[in-house]
Amino acid sequence: MPKQIKTVARLKHLSGSIPGGLECFVVLNFNCKSSKHISFDGDYFYIENYIDGSSDSFTEKQLLKSIIGKALKKGALYAD
């Protein structure tokens, strides 16, 4: 069962403590979801977007301005 991630602290903990990172998704409009793989190395979050195979790396400040940050604020980020 998916678990909601509500804070950056929780995302850091989960994505940094699970070997290989965290499988998660962002709930979008109309019951759609955007699947992602997130890992954290203590300095950067590494995001792989499964829909198109693209990847990004973010500092915490940058992450909060991204779709992941918006999802955290809205309660729309879930660990799979």
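This is a predicted model: local features need pLDDT of at least 70, side-chain atom pairs count only at pLDDT 80 or more; totals for chains, interfaces and linings use all residues.
A residue is called buried here when its relative accessible area is under 20%.

Ala79 lies in strand β6, which covers residues 77-79. Beyond its neighbours within four places in sequence, Ala79 is in contact with Pro2, Lys3, Ile5, Leu22, Glu23 and Cys24. Phe58, by contrast, is 21 residues away in sequence and 19 Å away in space, taken from C-alpha to C-alpha.

Let me place strand β6 in the sheet. Six strands make up an open, antiparallel sheet, and their order is β1-β6-β2-β3-β4-β5. At the edges are β1, residues 3-4, and β5, residues 55-58, each of which pairs on one side only. Helix α1, residues 8-17, packs on this sheet and touches β2, β3, β4 and β6. The direction of helix α1 makes about 70 degrees with that of β3.

Strand β2, residues 22-27, pairs with strand β3, residues 33-40, in the antiparallel sense over 6 bridges. Glu23, one of the contacts of Ala79, has His37 in β3 as its bridge partner.

Finally, I come to Cys24, also among the contacts of Ala79. Cys24 is buried, because its relative accessible area is 3%. Cys32 is in no disulfide, and at 41% relative accessible area Cys32 is partly exposed. Across the whole structure, the search finds 0 disulfides.

Conventions. Residues are numbered from 1 along each chain as its sequence is written. Side-chain values use heavy atoms; hydrogens and water are left out. Helices (H or I, at least four residues) and strands (E, at least two) are DSSP runs, numbered from the N terminus. Contact means heavy atoms within 4.5 Å. Two strands pair if DSSP finds at least two bridges between them. Axes are lines fitted to C-alpha atoms, for helices over the stretch in contact, and angles run from 0 to 180 degrees between N-to-C directions. A disulfide is a pair of cysteine sulfur atoms within 2.5 Å. Buried means under 20% relative accessible area, exposed over 50%, partly exposed in between (1.4 Å probe, protein chains only).
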